[in-house]
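Trainee: Could you walk me through reading a metal site, a pocket and a core?

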Amino acid sequence: MKLSLKDCQAIDVHAHPYVGNLKPYSLDEYVRKLSLAVIPNQIPDHYQWVKNQPYPGSNMWVQILIRRLAKYFSCEPTLEEVVTLRNERAADFRGFTRELFRDANITGVVTDFGYPQPPLSKKEYADLCGTRIWEVYRIEPVMVRLAESTPDFVEFIDQYREELTQALRKDEVVGLKSIIAYRSGLDITPMNEKLAAEEYEEFRRNTRAPVKDLRDYCLHIAMEECTESNKVMHIHTGVGDGEVVLPKASPSFLLDMLRNKKYENTKVHLVHGGYPWVEEAAFIVSILPNVYMDISLQNPFSGHGVKRILSQLFEFAPFDKVMYGSDAFTVPEMNWLGVHLFKECFEVVLNDWIESDYMDHDTARAIGEMVLYKNFENVYQEHVKGAIV
Ligand SMILES: [Zn+2]
């Protein structure tokens, strides 16, 4: 009997909220919504179409999405038909979103309300999805907001710490999140208040400036607050949108900070599992007891790569250290395909392990359930019940 994960629920440990489109999407707009690119792809003048070619600029994950949605809508697998049917159904955006979430059996989402800005309403997003919503509280918007109103560095730091403490007291907030990999990189230096203070004026002038010492200092405060509250520090690792400081985005840069004795009890969640340095992330979670990773973004956006990645990351990662995620950020189809593609790919990998006699059917099934939701429940423990419904 082939192992199947079809009936298994999924908790998406990293995704973003969105709202419905007011007007139906054109093909171009729809493909753009599916892209991580900062600069939208424009079809150049006099572009030469090849017969049967996929839509210009689209890649493998978009190709898979069209095929799977066509099956779901029972239509021809063309972008035109899929977008037409999708637009019809999404006229009732809440109904459409809930239907996709139900079909994929998504029972909860850890949501990063730090993107898009200004933040969307938590209650409304929970109502849109019809599932449990937890929040990770992003530190960078707090830094920006406080810097705008606070000329004094010491006051800024006091208020920043206080705001993190207060946020972590909320039941639905399971941790803090940092996108320092988008600003100055992951090579975090030890806390240095003097150097941080020296960069504060520059940060006030330009809140997107690298100001590395200041950002590192603020990340340490976030780590301390997570330690104190026994909540989880989420750190963006690996690729992201086109802004990322790619040469400093590999999770290996975090090692010095993570190995620091001070943080030995701090729970850290490596968001996106460091893709494409997924083996580094897998190694790191294998040596540090309180560090975890998710497979969001690489799943589903690496398309057929998901199968390879799932096989590869378990070369080192312990089975109880990896969590399912999607990084969906514009449309519910991303959450939906995330689960279906993950299951499709993980089933192939797990069945291969059974055939190779590395494990029996029941163990493989247990691993599937662990990654899909049980590891989340285990890592987040008593915070799970704080969800907004
Ligand atoms: Zn994200």
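We take the zinc site, then the pocket, then the core.

Mentor: This is a predicted model, where local features need pLDDT of at least 70, side-chain atom pairs count only at pLDDT 80 or more, and totals for chains, interfaces and linings use all residues. Residues are numbered from 1 along each chain as its sequence is written, and side-chain values use heavy atoms, with hydrogens and water left out.

Trainee: Which residues are the protein donors of the zinc ion?

Mentor: Donors are N, O and S atoms within 2.8 Å of the metal (3.2 Å for Na, K and Ca); water is not among the atoms, so sites may look incomplete. Here His14 (NE2), His16 (NE2) and Asp327 (OD) lie 2.1 Å from the zinc ion, with the sequence spacing H-x1-H-x310-D.

Trainee: Is His14 buried or exposed?

Mentor: Buried means under 20% relative accessible area, exposed over 50%, partly exposed in between (1.4 Å probe, protein chains only). His14 is buried at 1%, and His16 is buried too, at 6%.

Trainee: Which residues touch the most other members of the largest nonpolar core?

Mentor: A nonpolar core is a set of buried Ala, Val, Leu, Ile, Met, Phe, Trp, Tyr and Cys residues joined through side-chain atoms within 4.5 Å. In the largest one, of 136 residues, they are Phe156, Tyr160, Leu310, Leu313 and Phe346. Helix H15 (residues 332–355) supplies the largest share, 11 residues; helices are DSSP runs (H or I, at least four residues), numbered from the N terminus.

Trainee: What does Phe346 touch?

Mentor: Contact means heavy atoms within 4.5 Å. Leaving aside residues up to four places away in sequence, Phe346 touches Leu5, Leu310, Phe314, Trp353, Ile367, Gly368 and Val371.

Trainee: And the pocket?

Mentor: A pocket is an open set of points on a 1 Å grid over the protein atoms alone, where a 1.4 Å probe fits, with protein on both sides within 12 Å along at least five of seven lines; lining residues have an atom within 4 Å of a point. The largest pocket is lined by 35 residues, with Tyr115, Arg138, Arg208, Asp241 and Glu243 nearest its centre.

Terms used
Helix = DSSP H or I, 4+ residues; strand = E, 2+ residues; numbered from the N terminus.
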